[in-house]
Amino acid sequence: MIPITYNLIFQITVILSNEISCKGDVLGYDFHYNIGVIKIETDIPIATARLRHIDDSISIDPNLLDEKPSKFNPISEKFNLVSGDTLVALGRFDGLILVAGEFRYDMIKQFYRLMYEFGSIGFIDNSSFSYSVGQTGLDCQELFRAEFAIPRHAIGGPLINCYGEVIGINFYCASFTPFLPINIVSMWWQQYKKNGHCLLPRLGMKMRNLYMEKVAYLEFVVQRFPNIFKGVVVDEVEFETPAYSTPILPLDVIVESDGKSLGSILEFFELIWDKCGRHVHLTVLRPSDGEHGSRLNVTMIVGDVGPNQFNRWPLPWPSEWQLARKRKAVSLRDYLTNLMK
């Protein structure tokens with residue numbers, strides 16, 4: 001269990017878009033997803049953000065190659081996110097509004113000057129605001145990546161689609177922007193409001209979406225299972241985890257959970273989110289088993305994330321901390337405490 005406390009931890013100042021500041025109370029936090037809950041009190045009306053869950057499932061059915069993407073539906077539950085989609089990352093630094101999307105850092109510096117002088121949001125070529133299906137290389141498997149870089153100061157800002165809807169929360173990486181889908185944030189928030197704490201599911205597998213595999217492997221799978229076009233590929237089974245006690249092996253393809261088809265890792269987490277401590281029934285394909293492959297029915301108990309299994313996150317200011325340690329032995333806790341003074 002990851003305890004989420006309702007007690008005040010410390011207070012911060014929240015600066016609204018009209019530059020008015022108000023007191024913010026940190027009510028809870030989650031080290032695994034690196035997110036928290038802040039409550040503010042203000043008499044000023046605040047616009048409510050429009051949130052839209054993501055659907056990132058992609059079929060590898062060759063018959064659908066010429067099919068046009070579905071049109072935007074404002075009342076649909078999810079936004080169909082595909083590689084190359086236009087995205088915008090927003091953030092704040094010293095009271096300035098940042099719009100990140102250009103890969104070159106010198107353009108980010110130009111935005112600082114433009115927005116300081118004119119007090120408005122700058123715009124650049126939309127072709128550089130794009131989503132990619134690549135992996136992030138960070139611990140959190142639920143992260144997506146946008147192919148533009150934001151500065152460290154913009155961490156925690158919203159990622160917005162071309163319809164003005166918030167679809168994720170931004171994190172920092174040097175050459176691209178990892179973001180946590182709003183699907184995960186929403187589920188976490190609903191569980192927090194209901195229980196005052198969050199049980200986060202843990203299976204003990206590192207996975208990839210089937211559509212991200214190389215063509216040679218996709219051909220290998222389709223030759224043995226010609227009617228399978230979506231699923232999740234197992235990369236690694238971790239020792240002493242729920243998955244380790246099952247017959248699941250690397251390169252297996254999970255295609256169903258409790259009878260519901262899987263299109264992506266995100267979809268998988270949505271299906272098992274509230275099933276910690278309970279059994280799930282998985283349909284698993286093993287293309288490497290003989291000439292025709294084999295189909296397995298696997299029952300697994302969904303574990304929960306413990307404190308020693310939290311995702312690791314890059315420090316926002318790693319270089320300064322390293323310099324501080326060289327000058328004088330200082331713990332990470334002391335360094336972060338000094339930053340907040």
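Tyr29, Phe31 and Phe310 sit together in one aromatic cluster. Rings of Phe, Tyr and Trp (its six-membered ring) pair here if their centres lie within 6.5 Å, and that rule gives 10 aromatic pairs. Keep in mind that this is a predicted model, where local features need pLDDT of at least 70 and side-chain atom pairs count only at pLDDT 80 or more, while totals for chains, interfaces and linings use all residues. Residues are numbered from 1 along each chain as its sequence is written, and side-chain values use heavy atoms, with hydrogens and water left out.

**Aromatic pairs**

- A pair of aromatic rings is described by the distance of the centres and the angle of the planes. Planes under 30 degrees apart count as stacked, over 60 as edge-to-face and the rest as tilted.
- Tyr33 and Trp273 are a stacked pair, because their ring centres are 6.2 Å apart and their planes are at 20°.
- Tyr33 belongs to the loop between strand 3 (21-30) and strand 4 (35-40), and Trp273 to the loop between helix 4 and strand 20, so the pair ties together parts that are 240 residues apart in sequence. Helices (H or I, at least four residues) and strands (E, at least two) are DSSP runs, numbered from the N terminus.
- Tyr33 is buried at 1% relative accessible area, and Trp273 is buried too, at 5%. Buried means under 20% relative accessible area, exposed over 50%, and partly exposed in between (1.4 Å probe, protein chains only).
- Phe79 and Tyr163 have ring centres 6.1 Å apart and planes at 75°, so this pair is edge-to-face.
- Phe79 is in strand 6 (residues 78-80) and Tyr163 in the loop between strand 11 (158-161) and strand 12 (166-170), which links distant parts of the chain, 84 residues apart.
- Phe79 counts as buried at 7% relative accessibility, whereas Tyr163 is partly exposed at 34%.

**Salt bridges**

- Searching the whole structure turns up 10 salt bridges, each being a side-chain nitrogen of Lys or Arg within 4 Å of a carboxyl oxygen of Asp or Glu.
- One of them joins the side chains of Lys206 and Glu236, at 3.7 Å from N to O. Lys206 lies in strand 16 (residues 205-209) and Glu236 in strand 17 (residues 232-237), so the bridge ties together parts 30 residues apart in sequence.
- Lys206 is partly exposed at 39% relative accessibility, and Glu236 is partly exposed at 36%.
- Arg208 and Asp235 also meet in a salt bridge, at 1.8 Å from N to O. This pair links strand 16 (Arg208) with strand 17 (Asp235), 27 residues apart.
- Arg208 is buried at 16% relative accessible area, while Asp235 is partly exposed at 31%.
- Asp252 and Arg286 form a salt bridge at 2.8 Å, N to O. Asp252 is in the loop between strand 17 and strand 18 (253-257), and Arg286 is in strand 20 (residues 279-286), 34 residues apart.
- Both Asp252 and Arg286 are buried.
- Through shared partners, salt bridges join Arg208, Glu213 and Asp235 into one network.

**Helix packing**

- Helix 2 (residues 182-195) packs with helix 4 (residues 265-272) at an angle of about 10°, their axes 10 Å apart. Axes are lines fitted to C-alpha atoms, for helices over the stretch in contact, and angles run from 0 to 180 degrees between N-to-C directions.
- That makes the two helices roughly parallel, the label for angles under 35 degrees.
- Asn183, Ile184 and Met187 of helix 2 and Leu266, Phe269 and Glu270 of helix 4 make the contact, meaning heavy atoms within 4.5 Å.
- The contact residues divide into four nonpolar, one polar and one charged. Ala, Val, Leu, Ile, Met, Phe, Trp, Tyr, Cys and Pro count as nonpolar, Asp, Glu, Lys and Arg as charged, and the others, Gly among them, as polar.

Methods
Angles under 35 degrees count as roughly parallel, over 145 as roughly antiparallel, 65 to 115 as roughly perpendicular and the rest as oblique.
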